[in-house]
Amino acid sequence: MLKIPLTGFALLSVLFFANSSATYAAPPKQNTSTGLTGTLQKMIVDNGSVTMQLDLNGLNGSGSLVARPVTLHFAAAANSFFPVLVFNDLLRGPEPGSIALVPQTRSNPLLPAALAASLKQLVLEKLPPGAAFDLAVRDIRTGLTFFNVEGHQYQYDATAKLLSIQGGRLLISDEFAKVLGRPRDAGANVGRISMGAAMQPIEVTQLVSGEPKSVVMPPLGGATRGEMPTRTSGPDVVVGDLPDVEQLGSAGTQVGLGVATTSCNYGDQPVNWLALPSNDHPVVPQNLYRMSGGADNTERFEQIGQSWLKHTFFALEDDACSLGCNTSGCATGSHLCPGCSDPYTAGLNGDQNQIGSRAWVNPFTGNFPPGNPPGGSNDHSGHNHDGVSHRVLVEVDDLNTTLNQGATYFAEAQYVAPSEYTWCQAHPTECNMYNNASYRQYSVSGTTSFSFSPVANTVRMLAAIWAWTGATVNRLEPDPGNDGFWFMGYKVTNPSAGVWHYEYALYNMNLDRAIQSFSVPLGAGVNVSNIAFHAAPQHPGWANDGTFNNQGYSSMPWTVTKAPDSVTWNTETFAQNQNANAIRWGTLYNFRFDADQPPQEINGTVGFFKTGSPMIVAIQAPAGGATPTPTATATPTPTPTATPSTTPTATPRPSPTPRSNPQPRPRPTPAPRP
């Protein structure tokens, strides 16, 4: 007789009715006369990342009012036993367990000696019921607890099977305070912790009227045991690695980069890999991001470069992801077989004759015109290339290490595969279209010519916006099943007394309709200053580039409108300019200002470019009602010079500026989507 499902069910019953300081998804209403009916999953960590922000002054007992922040990055060890219960795709809560933390950055010499000595053996632990705290960070070997965690929230995305922990405050434990020789500092807040992790089921129980009727125990991924990891159903191409970034050329004030990619098929079905002129193969955009600003260089997260698309061809059927490449019954070369991988060097991804414009591609379906010249999606006739054409286009000043001291850089790539969409339409419960982007941190050297070195491992199946330390990131899907999704990221900092900096980042993952406007409400009496906008430079127009009249997309900064109750940014409407500087797929735009009032939870409003009504989004914005104080001038981050594009002939049709909705906001699924 299986006792584990009954144990899990008993714990589930407790979790349904227990109170907790953490935030879980609300349980659905149940018929108490028939008991619970549905699917109960017990899940553990497959892989992920953990970030700790620490104040060195607080750790070392300094009385300085100026924080000395340090950020520690960790990988969550594969198959860490940090179990959570999920019932009918809703998170019910975690069980006691721990996540082994694998350091991804060097130890800071100013860390307290005890903490520095334990960095390679730390765990994030879920404490038993009845403990004073829910989570703690401790040394797995010595047992010394360094930090207790409070104020955190659990968030779960059932489609992506992704768990995140946000907003956790790191409090010095009693034990660590004694080690530091400062017992009175026990409980002092010295930082924050956040986590994002892909989860895998270890036990799936079908309940009917409260009784377990069947139990399945799927095999675990084998990243730590050398076994073959569990595959997903259907074709499932992901970016398994980003092994290299290279500067391939330069022109004027810009450089052209290439990002190497290794694709892996996590699925049990082949991914179509038919070379041009066929249009049934994945395309690969590449991006570059910078995190900088503020006392700890994490104030803002900006995209500073984007490329056209690499068209894939001839899969080599390697096994770089250790999935167990299986070519049996698979047409090799023209398909990426189950479990297999295919590498592209930075030079190959930056080969200007094999790159096509993003404008041709519907990022949700993966559809684009066939590549038969002239006028196809990869036609380079009618124009000449310089050193930056079609590559990841970056302004020199955005990489210059003298101008960007302390900044952190991240490369990102995404595979968009038409065969995944086709499979998803026929098998809606086996959709693998939403985990195609991965990122990796790189260090940069140089002032006019640049070299890049990887700092940490590739974070698979997460877009780069999840690397933004301390930010809140929510996923929004305006038309599920018919169009893609985008991410709303925001972070509020307090750089000086009476001043709050509000930073917003809107990242369009694969939303074809694009984003045209963003509005932030303001409380009564709020004074704002330093209103700004940032976007990566667009590529110029080329013959056969898929844009209207081959003019390329505009780089014109968005117009800002300051009203007493809101700040609104917008670009031209689709009717006014089909090539307007909208937030198209695979791009991230920033909006920011300073205010003299602290934040409150409120709704912003986002308007779309091609189609669809505006939608409200959960953000933080300045509260009103307090006595205004003077707003200091924040130090701006250098922004590349925008290049206006020619507006095609069209009948202007003004579009109303969307405003925030003061009604109570709905709660979107605030979880990462790998």
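Q: How much space lies in the second largest pocket?
A: About 510 Å³. Bear in mind that this is a predicted model.

Q: Which residues lie nearest the centre of that pocket?
A: Gly406, Ala407, Thr408, Tyr409 and Gln441. The lining of this second largest pocket has 21 residues in total.

Q: And what classes are they, in the lining of the second largest pocket?
A: Eight are nonpolar, 12 are polar and one is charged.

Q: Which strands each supply at least two residues of that lining?
A: Strand 2 (69-76), strand 24 and strand 25 (437-445).

Q: Where is Asn400 found?
A: Asn400 is in a loop. The loop runs between strand 23 (392-395) and strand 24 (408-414).

Q: Is Asn400 buried or exposed?
A: Asn400 is buried. The reason is its relative accessible area of 11%, because buried means under 20%.

Q: What does the side chain of Asn400 reach?
A: The backbone nitrogen of Thr402, at 2.8 Å.

Q: What is Asn400 in contact with, leaving aside neighbours within four places in sequence?
A: Gly446, Thr447 and Phe450.

Q: New topic. Where is Val492?
A: In strand 28, which covers residues 486-496.

Q: What is the relative accessible area of Val492?
A: It is 22%, so Val492 counts as partly exposed. Buried would need under 20%, and exposed over 50%.

Q: Which residues is Val492 in contact with, beyond four places in sequence?
A: Trp500, His501, Tyr502, Pro599 and Gln620.

Q: How far is Val492 from Arg592?
A: In sequence, Val492 and Arg592 are 100 residues apart. In space they are 9.9 Å apart, C-alpha to C-alpha.

Q: Now helix 6. Which of its residues are buried?
A: Helix 6 spans residues 418-426, and Pro418, Ser419, Glu420, Trp423 and Cys424 are buried there.

Q: What covers the buried residues of helix 6?
A: The cover includes strand 13 (237-241) and strand 17 (271-272).

Q: Stepping back, how many helices and strands does the protein have?
A: Six helices and 36 strands.

Q: What share of the residues counts as buried?
A: Of the 674 residues, 54%.

Q: What about contacts between residues at least 6 apart in sequence: how many join residues at least 24 apart?
A: Of those contacts, 71% do.

Q: Last one. What does the accessible surface come to?
A: About 26,200 Å². Carbon and sulfur atoms account for 52% of that surface.

Definitions and conventions
Residues are numbered from 1 along each chain as its sequence is written. This is a predicted model: local features need pLDDT of at least 70, side-chain atom pairs count only at pLDDT 80 or more; totals for chains, interfaces and linings use all residues. Side-chain values use heavy atoms; hydrogens and water are left out. Helices (H or I, at least four residues) and strands (E, at least two) are DSSP runs, numbered from the N terminus. Buried means under 20% relative accessible area, exposed over 50%, partly exposed in between (1.4 Å probe, protein chains only). A polar contact is a pair of N or O atoms within 3.5 Å; within protein, one must be able to donate a hydrogen and the other to accept it, and residues adjacent in sequence count only if both atoms are side-chain atoms. Contact means heavy atoms within 4.5 Å. Accessible areas come from the Shrake-Rupley method with a 1.4 Å probe; for residues, only the protein chains shown count as cover. On a 1 Å grid over the protein atoms alone, a cavity is a set of points where a 1.4 Å probe fits but cannot get out, and a pocket is an open set with protein on both sides within 12 Å along at least five of seven lines; lining residues have an atom within 4 Å of a point. Grid points are joined across faces, edges and corners, and a volume is the space filled by probe spheres set on the points. Ala, Val, Leu, Ile, Met, Phe, Trp, Tyr, Cys and Pro count as nonpolar, Asp, Glu, Lys and Arg as charged, and the others, Gly among them, as polar.
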